[in-house]
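Open the model in your viewer and keep the selection tool at hand. Each stop below says what to select and what is there.

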Amino acid sequence: MIVKKDTPYVYYEIRDRILIATYKKGLRINLAMAKQIVQDRLAFTGNKPMVALVYNLGVISMDKEARDFLSSPPGNRGLKAGAIVLNSVFSITLSNFFLSVNRPNIPSKIFRNTGEALKWLEQYLD
């Protein structure tokens with residue numbers, strides 16, 4: 001069974017015990033938005049710890065406070081691991097830099113391919 005929820009910033013699905021989060025196009029994410037994203041995610045998952053497959057459809061920017069929050073324990077609450085799928089070399093380079101600087105407190109990795117991301121996430125499924 002696939003469960004879905006559309007929120008102002010992210011479209012969520014749960015499929016095969018994996019949370020799929022698709023960030024919407026054109027977002028400029030600030031701290032208030034980041035906190036709302038986490039609140040929406042936790043409400044959708046019922047606070048159940050999950051692995052996440054994240055698609056970025058074109059977030060334009062994310063301020064430092066939002067990046068810091070999303071990589072912190074409160075921002076990662078309810079997540080066991082996160083695989084981020086990107087399709088441009090620029091986005092991958094920028095995101096790898098973000099992960100190296102902000103260092104989320106959960107296993108996190110950038111991928112160009114959904115299949116590879118799902119295979120990596122399998123190790124974190126119960």
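Select strand 2 and strand 3 (residues 18–23) together. The two pair in the antiparallel sense over six bridges. This is a predicted model, so every stop on the tour is part of a prediction.

**Stop 1: Glu13**

Stay on strand 2, residues 10–15, and pick Glu13 within it. Which residue of strand 3 stands opposite Glu13? It is Ile20. Is Glu13 buried or exposed? Its relative accessibility is 11%, under the 20% cut-off, so Glu13 counts as buried. Now show side chains. The side chain of Glu13 makes a polar contact with the side chain of Arg15, at 2.5 Å. Leave out residues up to four places away in sequence, and Glu13 touches Ile2, Val3, Lys4, Ile18, Leu19, Ile20 and Phe44.

**Stop 2**

Six strands form an open sheet, in the order 1-2-3-5-7-8, with mixed pairing. Find the edges: strand 1 (3–6) and strand 8 (108–111) each pair on one side only. Neighbouring strands in this sheet are turned against each other by 20° on average, direction ignored.

Step from strand 3 to strand 5. These two run parallel, joined by six bridges. Look for Leu19: Ala52 in strand 5 stands opposite Leu19. Step on to strand 7. Strand 5 and strand 7 also run parallel, and six bridges join them. Here Val54 stands opposite Ile84 of strand 7.

Five of its seven residues are buried, so strand 5 is largely enclosed by the rest of the structure.

**Stop 3: helix 1**

Select residues 31–45. This is helix 1, with 15 residues. From first C-alpha to last, helix 1 reaches 21 Å, close to the 21 Å expected at 1.5 Å a residue. Which strands does helix 1 lie across? They are strand 1, strand 2, strand 3, strand 5 (50–56) and strand 7 (79–85). Against strand 2, helix 1 runs at about 25°.

Colour the buried residues of helix 1: Met33, Ala34, Ile37, Val38, Asp40, Arg41, Leu42, Phe44 and Thr45. One of them, Phe44, was already on the list of residues that Glu13 touches.

Check both ends. At the start of helix 1, a side-chain oxygen of Asn30 reaches to within 3.1 Å of the backbone nitrogen of Ala32. After helix 1 comes Gly46, with a positive phi near 65°.

**Stop 4: Thr45**

Stay in helix 1 and select Thr45. Thr45 has a relative accessible area of 11% and is buried. Its side chain reaches the backbone oxygen of Leu42 at 3.4 Å. Thr45 also touches Leu19 and Met50, not counting residues up to four places away in sequence.

**Stop 5: Phe69**

Go to helix 2, residues 64–70, and select Phe69. At 15% relative accessibility, Phe69 counts as buried. What does Phe69 touch, residues up to four places away in sequence not counted? The list is Leu31, Ala34, Lys35, Val38, Pro74 and Gly75. Draw a line from Phe69 to Val38. The two are 31 residues apart in sequence, and their C-alpha atoms are 9.7 Å apart.

**Stop 6: helix 4**

Select residues 114–122, which make up helix 4. Helix 4 lies across strand 3, strand 5, strand 7 and strand 8. Relative to strand 7, helix 4 runs at about 165°.

**Last stop: the whole chain**

Zoom out. The chain has four helices and eight strands. From the N terminus on, the elements run β-β-β-β-α-β-β-α-β-α-β-α. The chain has 126 residues, and 42% of them count as buried. Of the contacts with a separation of 6 or more, 74% are between residues 24 or more positions apart.

Finish by colouring by pLDDT. The mean for the chain is 88, and 87% of the residues reach 70 or more. Among the elements, helix 1 has the highest mean pLDDT, 97. The lowest, 56, belongs to helix 3 (residues 89–102). Where pLDDT is low, the predicted coordinates should not be read in detail.

Terms used:
Residues numbered from 1 in each chain as written. Predicted model: local features only at pLDDT ≥ 70, side-chain atom pairs only at ≥ 80, totals over all residues. Heavy atoms only, no water. Expected span 1.5 Å × (residues − 1). Buried < 20%, exposed > 50% of the residue type's maximum accessible area, 1.4 Å probe, protein only. Polar contact = N/O pair within 3.5 Å; in protein donor to acceptor, adjacent residues only side chain to side chain. Contact = heavy atoms within 4.5 Å. pLDDT = per-residue confidence, 0-100. Pairing = 2+ DSSP bridges. Axes fitted to C-alpha atoms, helices over the stretch in contact; angles between N-to-C directions.
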